[in-house]
Amino acid sequence: MPSPVRLLAAAAAMAAAAAWGQSADGRDLFTRPDKGNCIACHQVPEGSGPAVRADVGPRLDAARLKGWDRKRLRGILDDPTLANPDSVMPPYGRHHLLEAREIERVIDFLHALP
Amino acid sequence: MRFPDHGLFLALLVLAALPLHALAGAEQVRADIANRVRGQYPTLSPAELASGSAAFDPARQAQAERNNPVPGAAEAIEAGRRIWTRKFAKGRSLAGCFPNGGRRIAGAYPQYDGRVKRVVTLETAINQCLKTHGQPLLDAGDPGTMGVVLAYLRSLSEGQKIAVRVSSPQAEDRFEEGRRFYFTRMGQQNYACASCHVHHAGKYFGDTAIPAPVGAAAQWPYLRDGRPVTLQMRVRECLDRMGAAPFPAGSDELAHLEYFLAYLSNGIAIRPNAWRPRQDAGNL
């Protein structure tokens with residue numbers, strides 16, 4: 001049977017993990033190589049993320065994303081091959097690269113781009 | 001109007017659904033991919049494409065020139081030479097297993113060996129020699145042993161043009177296995193090798209220009225921080241990044257992929273031990 005100390009340590013670790021998860025905002029998820037790593041393919045406006053030469057996907061900004069509501073973006077992030085079978089974008093939702101709540105934060109980030 | 005023969009109709013449907021390369025063989029596949037790359041980058045020669053990212057990125061090209069002579073290359077080659085010439089019991093050595101001590105043989109590898117019904121890479125041939133002489137085999141994924149041996153062995157073929165043959169139905173089957181591997185999506189990221197290297201060659205992934213498939217087999221092993229990285233080691237890194245469990249170095253799967261890639265590089269001169277940058281978030 002686990003000792004009270006071990007249980008306390010596990011609870012603390014879970015709380016820390018949850019707090020960390022909440023602190024990972026859309027920009028983190030967009031740029032982190034172990035998460036979305038969207039920045040590897042898409043440039044964003046200066047000040048919104050690291051400056052890269054990435055051009056596998058289109059540059060993302062407010063003009064490009066005009067008309068992309070949450071539902072449409074959620075669908076693309078979940079599985080882009082449904083809309084375009086040749087897409088090389090990873091199926092973030094379908095392959096569990098991002099959790100549903102993380103996808104929502106990425107959408108927040110995209111909608112906030114200038 | 002009714003179609004007169006249902007069987008014929010079905011056969012035509014199946015034929016229409018097959019990709020062209022499934023019917024055309026290795027040479028047609030090579031020509032199709034070479035033409036595609038030439039169409040995208042008409043000013044780049046196959047020899048230039050062999051420099052990988054640097055072919056598309058002048059800054060990377062300048063970096064490569066600043067790193068010539070390649071740091072660590074002489075040491076890696078010398079370490080490989082020592083293993084290559086080390087005498088086994090009865091006075092034999094790795095060098096004795098290959099024609100002319102291994103000089104100017106690399107361009108013909110990988111090759112399909114009908115006797116063992118397998119694609120034989122240089123790694124396979126080296127380990128076959130060691131096995132024959134009762135020696136411990138080298139780990140095809142280890143830069144410190146197989147990596148340095150290949151740094152030396154391929155340096156003996158510097159400038160030789162790659163001339164890999166796919167000359168039997170069995171060899172075609174292995175080439176097709178490699179082609180299928182290259183074009184099949186896999187892993188958590190759902191990429192195929194071709195997703196990047198064929199469909200987006202020359203585009204930037206992060207801060208790295210994506211190398212074209214033509215020429216990919218010409219400059220390995222690459223020297224990264226002085227450590228030799230073979231083509232199979234490099235493919236394993238890519239598979240890992242794709243979120244796919246990499247096939248073991250020395251496996252038939254990687255041998256078939258190498259066979260496919262080497263055939264695409266036919267006619268290009270071997271320039272082994274080329275500099276490549278350290279891997280980090282910017283350099284993939």
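From the N terminus on, the elements of chain A in this predicted model follow the order α-α-α-α. Of its 114 residues, 39% count as buried. Among contacts in chain A between residues at least 6 apart in sequence, 43% link residues at least 24 apart.

In chain B, three strands form an open sheet, arranged in the order β6-β5-β7 with mixed pairing. Strands β6 (227-229) and β7 (274-275) of chain B stand at the edges; each has a single partner strand, so one side of each is left without a neighbour in the sheet. In general, the strands of a sheet pair through backbone hydrogen bonds, in either a parallel or an antiparallel sense. Strand β5 (residues 222-224) of chain B pairs with β7(B) in the parallel sense, over two bridges. Within β7(B), A274(B) is the residue that stands opposite Y222(B).

A residue of chain B that has contacts in both chains is N190(B). N190(B) is located in the loop between α9 (169-183) and α10 (193-197) of chain B. Its relative accessible area is 10%, which is under the 20% limit, and N190(B) is therefore buried. With neighbours within four places in sequence left aside, N190(B) is in contact with T81(A), P91(A), R94(A) and H95(A) in chain A, and with R185(B) and M242(B) in chain B. The C-alpha atom of N190(B) is separated by 26 Å from that of A50(B), a residue 140 residues apart from N190(B) along the chain.

Notes. Residues are numbered from 1 along each chain as its sequence is written. Chains are lettered from A and ligands numbered from 1 in the order in which they are written. This is a predicted model: local features need pLDDT of at least 70, side-chain atom pairs count only at pLDDT 80 or more; totals for chains, interfaces and linings use all residues. Side-chain values use heavy atoms; hydrogens and water are left out. Helices (H or I, at least four residues) and strands (E, at least two) are DSSP runs, numbered from the N terminus. Buried means under 20% relative accessible area, exposed over 50%, partly exposed in between (1.4 Å probe, protein chains only). Contact means heavy atoms within 4.5 Å. Two strands pair if DSSP finds at least two bridges between them.
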